[in-house]
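The following exercises are to be worked with the sequence and the coordinates at hand. Each task is followed by a solution in steps.

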Amino acid sequence: MRPTAQFNLFTTLMMLALQMLPINHAIANDLLRGPYLQNQSPSELTIRWRTSQAVNSRLWWGKNQGELTHQSGADSLTTEHSLTITGLTPATVYHYAIGYDQTLLAGNDPTHFFTTPPMHGETSPVRFWVLGDSGTGNNDALAVRDAYLQYSTQQPTHLWFMLGDNAYPLGTDEEYQSAVFDMYPQILRQSTLWPTIGNHDAANADSVTGTGVYYELFTLPHQANSTGHGIGADSGTEAYYSFNYANIHFIILDSDETLPSFRQAQLDWLQSDLMLNQADWTIAMWHHPPYTKGSHDSDIESRHLHMREHILPVLESHGVDLVLGGHSHSYERSWLIDGHYGHSNTFDTDHIVNDGSGNPHIDTAYVKPPAGVMSHQGTVYVVAGSSGKTSSTQGVAHPAMRNIEALRELGSMVVEINGLSLTAQFLRADGQIEDLFTVIKNDALFNNSFDD
Amino acid sequence: MYQPHYRLGFLRYLLLIWMCSCALLASAHPDLNSRQHHLEQLQQTTGQADWIFAKAMLYADSDHPGLALEVLKTLTDKTVTDPKSNFRMARLYLRLKQPDLARKYLLNHFKKFPNAQPDITISTHILLAEIAVRQQHPQTAVNHLNQALMLNPELPAHLYVLTIRAMSMANYAATEVFETLKTGLIHHPGYLPLLELNIQQAMTYSDPCIIDQAIEQLLKQYPRHPNWQNNSGRSTR
Ligand SMILES: [Fe+2]
């Protein structure tokens with residue numbers, strides 16, 4: 001039968017429509033990893049994934065599911081896909097899909113979306129999740145994950161962090177697959193993961209040269225300032241970096257690498273970065289915490305000592321508010337403290353800025369002056385390294401950690417910042433909140449508490 | 001019939017040594033109990049060299065450098081059959097303040113593994129440069145750093161700074177230093193130490209235009225930089 005002109009037109013239009021939309025006919029096995037979100041700023045985001053065969057990379061996105069009107073791609077054939085979207089609108093929800101040619105591998109469904117951060121300095125609510133030493137890939141890690149997902153069903157995770165030892169025992173690609181990519185697929189595709197390097201990750205990575213598995217897997221802001229990810233200084237490396245999210249300046253450090261020239265470069269960068277920082281909140285994290293009597297002892301082990309003696313004075317003189325660490329597989333938390341850089345037996349009341357619990361349900365929140373970066377107004381230190389397992393402790397409390405012995409309990413940290421109020425909680429794997437503290441930046445309150 | 005029993009006996013002997021060392025370690029540090037599990041995993045999943053190396057690391061991390069060295073010495077040229085272990089061993093020797101042994105294994109890398117992945121070769125050059133700087137051999141350091149940067153010009157920015165400092169120590173001509181600075185700034189346009197070194201280097205030319213250009217380059221990246229935003233260090237045109 002001879003086709004009619006009408007039929008031809010219809011077919012052509014159909015073909016055109018099909019070419020414009022991704023088609024979902026790929027074999028599920030083609031997608032081995034991801035998609036996972038990286039290196040997010042108010043206007044940019046990198047999306048990465050891995051395929052079993054070398055194919056080109058395609059990314060579709062838009063403000064409504066089913067209307068992914070924007071497309072970007074790379075024609076080179078690869079199994080490791082990484083595409084960066086630019087020109088995004090801040091504080092906006094986007095839906096996306098990934099694939100190759102016109103083949104959709106994942107997305108264009110209710111679970112593939114991301115929210116861009118607000119402009120730097122804006123004070124919109126921010127909620128983030130922190131995992132420490134989560135890399136076991138076992139049932140303990142699963143329990144911690146599920147407790148968080150259940151706790152957060154109605155609330156967003158704007159960003160999330162790993163405090164190091166993200167994949168045991170050697171931080172290999174296979175271990176990352178099971179401990180990270182197979183463990184947190186849902187959150188990886190919706191919220192940007194900001195990792196920290198731990199001693200186990202470093203077994204297959206070299207921070208000095210920025211090479212190895214950890215550095216191959218993550219895209220991090222080594223040029224944060226010059227690419228608009230932060231208001232600080234470019235670190236020139238992915239080993240340590242900073243970025244801004246709303247009114248918060250996040251600093252991620254490498255506490256594992258011991259080469260003196262590396263340590264000096266990190267310290268010099270930290271000083272410049274903090275000098276330029278004007279955010280309301282400054283939050284720093286690294287793997288080896290400055291104060292711990294958990295499965296590690298910060299009085300003995302050299303990496304803890306280095307961070308306490310050399311990094312803390314710089315951070316505190318630039319008004320850091322919260323410091324997070326792992327390595328000890330337990331939970332410990334300080335008062336609002338300042339100026340303690342020595343052995344635990346030298347800690348005394350002079351170092352305590354506020355000796356309350358910081359829990360407004362028990363006594364009062366910690367109060368600090370409001371102007372973003374003020375020197376030596378007190379910092380809360382947290383060890384949260386029990387997101388994958390717990391380990392035996394030293395059997396004594398570190399005096400800086402409120403004289404409370406390390407808690408051998410599986411869990412993770414949930415932190416919420418709303419304007420000038422920060423609340424952090426330790427969420428146990430059984431869903432219970434074990435600890436809660438609030439820090440408020442308020443002039444009137446600060447002056448009152450100061451007068452008291 | 002005899003051989004399997006002999007093997008079993010030998011394995012038992014190995015296991016006993018390992019358990020004793022773990023018990024000893026555990027008494028030195030409570031967390032070592034939990035790390036025993038990791039060692040078990042390592043022993044099952046990795047080669048002998050990896051396992052011995054992990055044990056040495058455990059001693060080093062637990063403030064037992066002497067024991068770490070003893071364990072490390074059981075790793076010989078025969079057991080180190082891959083470039084990664086060779087490099088790790090050198091790293092650990094350097095950490096244990098044995099730069100000569102570290103250098104021996106690093107130089108071994110070029111001889112034994114000429115076709116190794118560039119990443120490990122680069123890391124080897126960087127460590128050799130670090131040792132050379134410590135031993136006051138800036139020219140050797142420059143050579144190694146240049147080779148590393150040639151293999152991968154996008155290496156972390158601080159390595160350009162190290163190279164420039166070593167070049168200054170080795171009395172390189174200003175033009176050569178400027179070339180390295182220029183390359184560094186192409187790959188790391190916003191790295192402050194490089195931008196500041198660039199201003200310092202420009203000052204050696206005593207040409208106000210070159211100095212102004214270097215300051216402008218920094219201010220383009222950091223308009224709010226307190227040391228430069230008022231152009232206080234600036235020359236008069
Ligand atoms: Fe660790």
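## Exercise 1: The fold of chain B

Chain B contains twelve helices and zero strands; the model is a predicted one.

**Task.** Describe the order of elements in chain B, its buried fraction and the share of its contacts between residues 24 or more positions apart.

**Solution.** 
1. Along the sequence, the elements of chain B read α-α-α-α-α-α-α-α-α-α-α-α.
2. Chain B has 237 residues, of which 46% are buried.
3. Of the contacts in chain B with a separation of 6 or more, 49% join residues 24 or more positions apart.

## Exercise 2: The iron site

**Task.** Identify the protein donors of the iron ion, and explain why their arrangement is irregular.

**Solution.** 
1. The iron ion has as protein donors A:D165 (OD), A:N199 (OD1), A:H287 (NE2) and A:H327 (ND1), at 2.1 to 2.2 Å.
2. Four donors count as tetrahedral if all angles lie between 85 and 135 degrees. The angles subtended by the four donor atoms run from 85 to 166°, and the arrangement is therefore irregular.
3. Along the chain, the donors have the spacing D-x33-N-x87-H-x39-H. A:H287 is in the loop between β14 (281-285) and α7 (302-317) of chain A, and A:H327 is in the loop between β15 (322-325) and β16 (331-337) of chain A, so this pair ties together parts 40 residues apart in sequence.
4. A:H287 is buried, at a relative accessible area of 0%; A:H327 is buried as well, at 4%.

## Exercise 3: The interface

**Task.** Characterise the interface between chain B and chain A by residues in contact, buried area and salt bridges.

**Solution.** 
1. On the side of chain B, 41 residues are in contact with 46 residues of chain A.
2. The two chains bury about 3400 Å² between them, with 52% of this area on carbon and sulfur atoms.
3. One salt bridge is counted between chain B and chain A. The side chains of A:E257 and B:R91 form a salt bridge, with an N to O distance of 2.7 Å.

Methods. Residues numbered from 1 in each chain as written. Chains lettered and ligands numbered in written order. Predicted model: local features only at pLDDT ≥ 70, side-chain atom pairs only at ≥ 80, totals over all residues. Heavy atoms only, no water. Donors = N, O, S within 2.8 Å, 3.2 Å for Na, K, Ca; no water. Tetrahedral: all angles 85-135°; square planar, octahedral: opposite > 155°, others 65-115°. Helix = DSSP H or I, 4+ residues; strand = E, 2+ residues; numbered from the N terminus. Buried < 20%, exposed > 50% of the residue type's maximum accessible area, 1.4 Å probe, protein only. Contact = heavy atoms within 4.5 Å. Buried area = accessible area lost by both parts, 1.4 Å probe. Salt bridge = Lys/Arg side-chain N within 4 Å of Asp/Glu carboxyl O.
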